[in-house]
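Please look over the structure shown here before reading on. The notes are meant to be read beside it.

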Amino acid sequence: MKHLSRRQFNKALGLGVASLSAPSMLLGQSKPKVVVIGGGAGGATAARYLAKGDLDVTLIEDSKKYTTCFYSNLYLGDVRTFDSITHGYEKLASDFGVNVVNGFAMEIDRAGQMVKLKDGSSVAYDKLVVAPGIDLVYDSVPGYSEEAAQIAPHAWQGGAQTQLLKEKMDALKNGDNIVMVAPPNPYRCPPGPYERVSMMAHMFKQKGMTDSTITIIDPKTKFSKQGLFTEGWEKHYSGVIEWIGADIHGGIKSVDVEAGTVETDFDTFEGQLLNIIPKQIAGSIAQTAELTDDSGFCQIEAESMRSQVDPNIFVIGDASVAGAMPKSGFSANSQAKVAALNIRADLLGTKVFPAKYSNTCWSLIGTDDGVKVGAQYAAVDGKIASTSTFISQTGEDAALRKTTYEESIGWYEGITSDMFG
Amino acid sequence: MRQVYAGLVLSIFSAMLMANGDSNEGASSSSAENSSQINSSQLSEILALQADIDYGEYIAGECLTCHSVSAHDKSIPVIHGSDKKLIVEALLAYQQGVRENSVMRSVASNLSDEEIAAVATFFNAQ
Ligand SMILES: Cc1cc2nc3c(=O)[nH]c(=O)nc-3n(C[C@H](O)[C@H](O)[C@H](O)COP(=O)(O)OP(=O)(O)OC[C@H]3O[C@@H](n4cnc5c(N)ncnc54)[C@H](O)[C@@H]3O)c2cc1C
């Protein structure tokens, strides 16, 4: 958890007070109040689709800037700049009238319908959207910890960790090796680890680091878009990337970030850079507010994204258990719109339509070599189920792969302007 | 170490060369091509439907994840303010397999005639 500087603290306090007093109390109006916790792919979208002038919408976000995890692998591969994947909340405030509060939500008083912030302030709600993304279970990989993540970054939350991993990649010399420990299911962005190693290998290739290798130690026995990645690695980076699944290594025993080693039942792997991606659960606020089940994630109603444990709360994005939908920025954005529709209906009596969800995950394997997997979803018998799916094919020609990659550039621009205005 | 795995990695690789879903996705065709190949009676039926613009606004949310309101990038077109007939034609072309793009075929295959009318009416009004 981050500590706020005095300036941030004052700012958060100032904005917090403003949002409490206006407009309902000062102007004698009583617009229904919606609070959104977390300004990521889910929360920022929800705030934007809720704020149409007839609701008092407050967005509580811990960071001043949001660096997307999507496209962060392209930043690691020198395909995108850090600035181009970093966004601010200014337009949500200025163009959409969202009260943006910079602060950390510590507690939800569900009976009193109040969110308590770390700085001591609190914000009342009629309906609450919980979109905190994920927390990492560091010790799910024995030997790993939040401190160890300063040496062996996970970079599975955007911003500082992504930059740290990039710095460490840039410092590698020819002949240095990377070892990645991939996460167990369920985790955010199923193809993400494999896109990442593609971009790491891309960097080696660009820099002529022909003696460097990447080993993935995976707690799983198969992974997303496996055929496509395996084909692409062979094509672009033959001999550079080795994937070792659980049935081969037999289990991850421990990591030693100082020594740069990952010990498995089968063997010990050594790298000059370790990228450890541990098990994931819903962001801490969802745990504290007891919205989670044994899996560490939150059960929701498929028709609305409403929490199964509290009808005034909607959980969207990575923190939710969304049936067949993967944890992705696209999914979170899509779920936010269903939640916003239902919250507006609850509070304003507007129309409700059947839930429609969608997702596409694009991945970049090499220069202009993009692939995608996606689906449409609906609420079927109380579960979010896919109604049609698609995936790129092995053996596709270079022109099609380039078109697919270019499509992802358009998507990135689309989703970030949909989130932030 | 590396040699030990080489064989394994290779066999995983070949096992994974699998085929599923649609293939041969090419560059999109122009709207003139769409209109000549799509089912024209379905087109006129949809254009004659009484559209629910509120429903259209909700469905548009699905489009706006990718189709930004004012895109700098040209890979995904802006559809805000597009002509209603063009949108209906395009969606039908994807739905009927005349136009190729796996994302758009998936989206369009899940839209009813009423939904196509609603979303096209909404974008047309922007
Ligand atoms: C390497 C990588 C690549 C990826 N690539 C893609 C991709 O190509 N396409 C795709 O669709 N998805 C991708 N993803 C997944 C995507 O980033 C996530 O699924 C998505 O961000 C989830 O959105 P969210 O709103 O649930 O959480 P987040 O986007 O993480 O947002 C949560 C926000 O809540 C804030 N927060 C948390 N707790 C509190 C609190 N108590 N108080 C205040 N603020 C709080 C956090 O600061 C954060 O800003 C990728 C992920 C990774 C790691």
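Predicted model: local features only at pLDDT ≥ 70, side-chain atom pairs only at ≥ 80, totals over all residues.

Chain B consists of 7 helices and 0 strands, and a side-chain contact links Gln376(A) to Ser106(B).

**Ligand site**

- There are 34 residues around the ligand, and those that come nearest are Gly42(A), Glu61(A), Tyr66(A), Arg188(A) and Asp318(A).
- The side chain of Arg188(A) places an N or O atom 2.6 Å from an oxygen atom of the ligand.
- Helix H11(A) gives the most to the shell, with 3 residues.
- By residue class, the shell holds 17 nonpolar, 11 polar and 6 charged residues.

**Strand E9 of chain A**

- Strand E9(A) spans residues 127–130 and is covered on both faces.
- Lys127(A) and Val129(A) are buried on one side, and Leu128(A) and Val130(A) are buried on the other.
- Strand E1 (residues 33–37) of chain A runs parallel to E9(A) and is joined to it by 4 bridges. Val36(A) has Val129(A) as its bridge partner in E9(A).
- Strand E20 (residues 313–315) of chain A also runs parallel to E9(A), joined by 3 bridges. Here Leu128(A) has Ile313(A) as its bridge partner.

- E13(A) pairs with strand E12 (residues 214–217) of chain A in the parallel sense, over 4 bridges.
- Within this pairing, Trp243(A) of E13(A) stands opposite Ile216(A).
- From E12(A) the chain passes through helix H8 (residues 226–237) to E13(A), making a right-handed β-α-β crossover.

**Backbone points to check**

- Most residues other than glycine have a negative phi, and most peptide bonds are trans. The cases below depart from these patterns.
- Lys225(A) is not a glycine, yet its phi is positive, near 55 degrees. Lys225(A) sits in the loop between E12 and H8 of chain A, and counts as buried because its relative accessible area is 6%, under the 20% limit.
- Asp368(A) also has a positive phi, about 55 degrees, without being a glycine. Asp368(A) is in the loop between strand E22 (356–366) and E23 of chain A, and is partly exposed because its relative accessible area is 30%, between the limits of 20% and 50%.
- The peptide bond from Asn185(A) to Pro186(A) is cis, with omega near -10 degrees. Pro186(A) belongs to the loop between E11 and helix H7 (192–206) of chain A.

**An exposed loop residue**

- Ala171(A) is located in the loop between helix H6 (160–170) and strand E11 (178–181) of chain A.
- Ala171(A) counts as exposed because its relative accessible area is 57%, over the 50% limit.
- The C-alpha atom of Ala171(A) is 48 Å from that of Val309(A), and the two residues are 138 residues apart along the chain.

- Along its sequence, chain B follows the pattern α-α-α-α-α-α-α.
- Chain B has 126 residues, of which 43% are buried.
- On the chain A side, Gln376(A) lies in strand E23 (residues 369–380). Gln376(A) counts as buried because its relative accessibility is 3%, under the 20% limit.
- The side chain of Gln376(A) makes a polar contact of 3.2 Å with the side chain of Ser106(B).

Note on methods:
Residues numbered from 1 in each chain as written. Chains lettered and ligands numbered in written order. Heavy atoms only, no water. Pairing = 2+ DSSP bridges. Helix = DSSP H or I, 4+ residues; strand = E, 2+ residues; numbered from the N terminus. Right-handed = clockwise from strand over helix to strand, strands pointing away. Near = heavy atom within 4 Å. Polar contact = N/O pair within 3.5 Å; in protein donor to acceptor, adjacent residues only side chain to side chain. Nonpolar A, V, L, I, M, F, W, Y, C, P; charged D, E, K, R; others polar. Buried < 20%, exposed > 50% of the residue type's maximum accessible area, 1.4 Å probe, protein only.
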